[in-house]
Amino acid sequence: MAKRRLRGWNPPLENINALVASGGPRLLARSRELVVTNGYATNACEAFAANLVGDGIKPSSLIGDADLRDRVQRLWLAWTDEADADALTDFYGLQAMVAREMFVAGECFVRLRPRRAEDGLLVPVQLQLLQSEMLPFEKTETAGNGNRIRCGIEFDGIGRRVAYHFRRRHPGDSTDQGADIPETVRVPAADVLHIYRPIDAGQIRGLPHIAPAMVRLFLLDQYDDAELDRKKTAAMFAGFITKTAPEEPMMGEAEADLDGAAIASLEPGTMQVLLPGEDVKFSSPADVGGGYEAFQYRTLLAVSASLGLPYHLVTGDVRQANYSSLRAELVEFRRRIGQLQHGVIVHQLCRAVWQRWLETAVLSGALDADPAEVRPVQWIPPRWDWVDPLKDIQAQVLAMEAGITSRRKVVEATGYDVEEVDRENAADAARATGLGLRYRTSPGGTQGARATPATRAEPGDGAGNNTDGGADATDPATEQE
């Protein structure tokens, strides 16, 4: 490491907090502009948020009392529509906004806002999202009470977060004008959720997820823009005419402009007779070359690797993909997404919101229960859609039959609560029975492409036929292999 070839490699020994504090504002500005103006970055951001939270990471209460559990779940579902302090979306829409902020800024702040009883909310608490720029990177000082303030976050003597010093206005929002007020306001840490993925031990601010790919995306966008402009300019000229007598106009030639250049137009079927000494040379602009496609592919492949996203999710290009390659990269990608779901979104956001919501619901009288009794909950991430769902369902059925997994876990893997599914199945079965309807399969019955009767019919006894009048399930002509 100290020999001639690596002698010039001397990176500074700086902590990630020092790097983020010094380059944070510029990194944020570049990241936000790139996601707005670059198509690949925009697509990658939406793919990241859609896979991380989808239509929402939802709670499934673990309360033993079925009636109490049902009341808690119904109250939560009703409150999710009122969760946004800006009244623009619901709680699961806020999850998607947090996921996008994690991609662009690396972090997002959620302020828990208690409300008055007269505000008319089911549970008097709402959530307000604050962007990373609202917490100044440059605010590093000692507070009046002796606590340390690092990048806008106040720590006590043993390193616990006790407060956040937020700006009252966004520094880049010129439309928010008002009276002179103190630049920052101190908000207790108990009312703030700081959502970010800690990369290094001791890291206090988030790093944009797009950061490793920013340079390549920016330069590739410039290159593509220059290449497109060059081709557009070259395509404007069909040909060039050389004349020995400039004063003699050609057919279709217009008046010369201020620079003395004239333009001659052509129409379909035109036959132009040239005078002696005149010549026409048609434009033949250079092509991008055979290496353009390979260069684009390799560059975008490096961008996808930097973002930790599959190539086809960033570019939408599946020409070189097949079932095996798509599944292999999706399995690895979903392992990474699972880390973020359970280690960041659930741990930092969902658990804290659930706990505050329960406490507020009990204190306001909306829920008559002990907060410690109703706190147990598990969070169900959105279901994964595979390329060939039939094979996956068959594998899950075999795993349940072999006792390798439970039906609860299989149902929850689809993003639904097993008890809610059971209630819906029971209601469907009761309604179908009441209406005299009969289907090929019933909820809880044997289903699937390889379904067979429990007992095999004896020849000639007429047994084994479907009660709905259909073909025999054991008939080779109807059994699906």
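The model is predicted: local features need pLDDT of at least 70, side-chain atom pairs count only at pLDDT 80 or more, and totals for chains, interfaces and linings use all residues. Residues are numbered from 1 along each chain as its sequence is written, and side-chain values use heavy atoms, with hydrogens and water left out.

**Sheets**

Helices (H or I, at least four residues) and strands (E, at least two) are DSSP runs, numbered from the N terminus. Two strands pair if DSSP finds at least two bridges between them. Strands of a sheet pair through backbone hydrogen bonds, either parallel or antiparallel.

Phe109 has Leu130 in E3 as its bridge partner.

| Strand pair | Sense | Bridges |
|---|---|---|
| E6 (residues 153–155) and E7 (residues 161–167) | antiparallel | three bridges |
| E2 (residues 107–114) and E3 | antiparallel | six bridges |

**Helices H1 and H2**

The axes of H1 and H2 (residues 39–52) come within 5 Å and cross at roughly 95°. That makes H1 roughly perpendicular to H2 (65 to 115 degrees counts as roughly perpendicular). Axes are lines fitted to C-alpha atoms, for helices over the stretch in contact, and angles run from 0 to 180 degrees between N-to-C directions.

Which residues of H1 meet H2? They are Leu34, Val35, Val36 and Thr37. On the H2 side stand Gly39, Ala41, Thr42 and Cys45. Contact means heavy atoms within 4.5 Å. The contact residues divide into five nonpolar, three polar and no charged.

**The cavity**

The structure holds one cavity of 30 Å³ or more. A cavity is a set of points, on a 1 Å grid over the protein atoms alone, where a 1.4 Å probe fits but cannot get out; lining residues have an atom within 4 Å of a point. The largest cavity holds about 40 Å³ of space, where volume is the space filled by probe spheres set on the points.

H1 (residues 16–37) gives the most to this lining, with four residues. The lining includes Val20, Leu27, Phe137 and Pro208. By type, the lining has six nonpolar, three polar and one charged residue.

Technical notes
On a 1 Å grid over the protein atoms alone, a cavity is a set of points where a 1.4 Å probe fits but cannot get out, and a pocket is an open set with protein on both sides within 12 Å along at least five of seven lines; lining residues have an atom within 4 Å of a point. Ala, Val, Leu, Ile, Met, Phe, Trp, Tyr, Cys and Pro count as nonpolar, Asp, Glu, Lys and Arg as charged, and the others, Gly among them, as polar. Angles under 35 degrees count as roughly parallel, over 145 as roughly antiparallel, 65 to 115 as roughly perpendicular and the rest as oblique.
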